[in-house]
Amino acid sequence: MTRPTGRTTARAGGALLTAALLLAAPLAPTAVAAPAAQLAWGSCPAPTPNANGVPFTRDPRQQCATLRVPRDYHDPAEGTITLTVSRLRTADPAHRRGTLAVVPGGPGGSGLDYPGEMAKLLPPDVLRSYDLIGFDERGVGNSTPVHCDLSAAERDAQLNYPFPGPDGSITANLDQARRVADGCAAASGGYLADVTTANSARDLDRIRAALGLPRISYLGSSYGTYLGQVYATLFPSHTDRVVLDSTVPPGGLEQGFRLFSEGFADSFPALARFVAAQDATLHLGATPEAVRASYLRLAGEVDRDPLPLSGGRLLTGGGLRSVVYASLVKPSYYPLGARVLQLAEERDTTPAPAPAPASEGATAADGPTGAGTGGSGGNPLPQVIPDNFLAAQFAVICGDSAWPRDPAVYAARTAADRARYPLTNGMSGNVWPCAFWHYGPKEPPVRADPDGPRNILMLQNRYDPDTTYNGARQTQRAFGHRAAMVTFDTTAHGVDFTDPRVLAPFTAFLLGGRLPS
């Protein structure tokens, strides 16, 4: 799930038409047979900036191609759209055993340069054995994009997590959700309804066929795990070896979002221990329990009296919670969470630069789609998220499944979550633009299916703020015999591909097809 937070959160959204329950079942794979078209490889378009606006340094070996696919697989009369696909070939063709599609978190971020990013992480034996394939999913970047034409204020990353008001009120969230839904509909129209995970899975199968492959392997992280689930369910016979890193629960982003507060509660103790160890300088508590109390107190204080920061920005309670949540992604981001708590404690209106995260081993979930947390600048608040990122994200989360239309549902959820999960003040129960989305889903959500080959490896951290252990276990149970899961006693979003504990089962599976019992 790529939050627009440093990596990619499997975030989920608001509500849609309950009439979707009456819609047809997902299209059968046979209804979307791929054409015989071949991909013409050449140079790539200019690199797409990540959600922080920072372009990626592209691997010079990468090639790109375009492919026309149906806009609506249910109705070919709707015409076609363009996908932009990338390839990073193995340097040792004699040892190639297959092709590996690599998909980052999100939804909403570009995956075109993800092969080059993953080439920095994957072990040499895997890189010798596989060509890497990436693509901008439909609606994103270089693949017939969607837009919402939102103002900078409406794209403030603080709003990406719908934290309610200090008293639990969701009135402001409802207003924001309506404005976003109206703006997206005006800017992109009915194409929004076609930007879904199921259609992206069908697109991937068209890519597989255009590559001339009977089967394709897959590595997805965060939201990319849901796309992998859907592909493995719709096209089980077309999958080679499937790896899911930090898995979204079955049913997709709606369910994943409802678990965000649980993930925050699971992973916050590690940050609290980090802060407590520095009590001599931070003065936020000498024990994890004291740090937790300080966090709750400070969030309440800036709820009531927001703190002015440099650049004309305000640190509100929602802003503080969103920065702390973003800092839970991995331990190298903990200084960011500590710094924002220190700002609130000291009422520091002219903050020094926040500490830059230390390098410590990357994760696939830290892909090119994260919106980030403000980086290492003097203001540790999240910044403005690109319009296309939000438009594609909302299109997917609102188009994948039907959400309640009644605002009272969200008010009740928020109140219940505030009582159960005070650290997030009810955020997981709150409203998203999907509550007012203009286009209902065209088909029910695709859920993980046990009918298929045993060829899915799940890699999961026990304490993940975004894609919870609980959600991953649900997916493992839904896949049944098809999936094996390896769990690491770690607090972070995204497994560390430099960790030998991760590399052992990962390489054994991709190179030898061996799954843990």
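Me: Is F257 buried or exposed?
Reply: Buried means under 20% relative accessible area, exposed over 50%, and partly exposed in between (1.4 Å probe, protein chains only). F257 has 0% relative accessibility, so F257 counts as buried. This is a predicted model, in which local features need pLDDT of at least 70, side-chain atom pairs count only at pLDDT 80 or more, and totals for chains, interfaces and linings use all residues. Residues are numbered from 1 along each chain as its sequence is written, and side-chain values use heavy atoms, with hydrogens and water left out.

Me: How many aromatic pairs does a search of the whole structure find?
Reply: A pair of aromatic rings is described by the distance of the centres and the angle of the planes. Rings of Phe, Tyr and Trp (its six-membered ring) pair if their centres lie within 6.5 Å; planes under 30 degrees apart count as stacked, over 60 as edge-to-face and the rest as tilted. The search finds 14 aromatic pairs. In one of them, F257 and W432, the ring centres are 5.0 Å apart and the planes lie at 80°, so the pair is edge-to-face.

Me: Where do F257 and W432 lie in the chain?
Reply: Helices (H or I, at least four residues) and strands (E, at least two) are DSSP runs, numbered from the N terminus. F257 is in helix α6 (residues 253-258), and W432 is in the loop between α13 (407-420) and β9 (456-463), 175 residues apart. W432 is buried, at a relative accessible area of 2%.

Me: Which aromatic cluster includes F257 and W432?
Reply: Y161, F163, F257, F260, F264, F268, Y295, Y325, F394 and W432 form one aromatic cluster.
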